[in-house]
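User: I would like to learn how to read the features of a protein model, one at a time. Could you take me through them, giving the general idea before each case?

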Amino acid sequence: MTRIKLALVDDHNLFRRGIASILGQVADFDLVLEASNGQEFIDKIPRKMPDVVLLDLQMPVLDGTATADYLREHYPLIKIIVLTMHDEDRMVLHLLEKGVSGYLLKDSDPDEVERAIRKVMDEGVYLNEFVSRAMLRKMTNKTTVVKQTTLYNSKILLSEREKEVLKLICEGLSTAEISDKIFLSPRTVEGHRLRILEKTGTKNTAGMVAYAFKNDLV
């Protein structure tokens, strides 16, 4: 059994211990690193490299947003799932743009935390109902700050096939599922996905999804 190596970064000891206890009950999860802030986490990474980090946002010394920036530049293979009390729509899209793979609220069910970890390991992104609703609200509100200050070029030209693949990615379909649905080989689908990443300047699947919603492609 391949074990998934996890890190947990949160400055509230009681909450961190509770999550650690829950994760410890999953047979193929291995909690290799705990930290109370982003700097402590970064300092420990070379000794305990995780596959996925559950990352709080509001922490002393180095907060979650700055930590996500550092990870995307120096450790891009580490998947980031934000675990926070902040439920603002603008924060959701902002962090997806930064390459965060999932966004969970701290009152999420433990089963959802497990699902999110598995989903980001298998497909690179976990979009729950909360995130989807936030994206839809941003898409329909043309006057929001996020819309006005988008980091992406909405005039980027995607081919019709690339738009089709992007729409299916936003629906949560895997490469194999997209391949079956539009009768292309998995290799061709993956080629489209890589071209979409290049054209949009996004870092990963989550960033692609944020781009699609912000530019009314879905």
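Predicted model: local features only at pLDDT ≥ 70, side-chain atom pairs only at ≥ 80, totals over all residues.

User: At what angle do H10 and H11 pack?

Analyst: The reading goes the same way, beginning with the angle and then turning to the residues. Helix H10 (residues 186-200) packs against helix H11 (residues 205-214) at an angle of about 65 degrees, and their axes are 10 Å apart, which makes H10 roughly perpendicular to H11. H10 passes H11 in a left-handed crossing, where Arg193, Ile196, Leu197 and Thr200 of H10 meet Thr205, Met208 and Tyr211 of H11.

User: Is Glu162 buried or exposed?

Analyst: Here one looks at the relative accessible area, and a residue is called buried when this value is under 20%. Glu162, which lies in helix H8, has a relative accessible area of 3% and is therefore buried. If residues up to four places away in sequence are not counted, Glu162 touches Leu157, His192, Arg195, Ile196 and Lys199. For the protein as a whole, 50% of its 218 residues count as buried.

User: Which residues is Ile42 in contact with, leaving aside its neighbours within four places in sequence?

Analyst: Ile42 has its place in helix H2 (residues 38-44), and at 8% relative accessibility Ile42 counts as buried. With those sequence neighbours left aside, Ile42 is in contact with Leu62 and Tyr70. Although Ile42 and Thr67 are 25 residues apart along the chain, their C-alpha atoms are separated by 7.9 Å. Across the protein, among contacts with a separation of 6 or more, 66% are between residues 24 or more positions apart.

User: In what order do the five strands of the sheet stand?

Analyst: The protein has eleven helices and five strands, and the five strands form an open sheet in the order E2-E1-E3-E4-E5, with parallel pairing. Strand E2 (29-35) and E5 stand at the edges with a single partner strand each, so one side of each is left without a neighbour in the sheet. Ignoring direction, neighbouring strands of this sheet are turned by 20 degrees against each other on average. Helix H1 (residues 13-23) lies across strand E1 (4-9), E2, E3 and E4, and runs at about 165 degrees to E2, while H3 lies across E3 and E4 and runs at about 160 degrees to E3.

User: How many bridges join E4 and E5?

Analyst: Strand E4 (residues 79-84) and E5 pair over four bridges in the parallel sense, and Ile81 stands opposite Gly102 in E5.

User: What is the phi of Val61?

Analyst: Most residues other than glycine have a negative phi. Val61, although not a glycine, has a positive phi of about 70 degrees. Val61 lies in the loop between strand E3 (52-55) and helix H3 (64-74), and at 68% relative accessibility Val61 counts as exposed. Phe183 is another case, with a positive phi near 60 degrees in a residue other than glycine. Phe183 lies in the loop between H9 and H10, and at 73% relative accessibility Phe183 counts as exposed.

Terms used:
Residues numbered from 1 in each chain as written. Heavy atoms only, no water. Pairing = 2+ DSSP bridges. Helix = DSSP H or I, 4+ residues; strand = E, 2+ residues; numbered from the N terminus. Axes fitted to C-alpha atoms, helices over the stretch in contact; angles between N-to-C directions. Parallel < 35°, antiparallel > 145°, perpendicular 65-115°, else oblique. Left-handed = near helix turned anticlockwise from the far one by under 90°. Contact = heavy atoms within 4.5 Å. Buried < 20%, exposed > 50% of the residue type's maximum accessible area, 1.4 Å probe, protein only.
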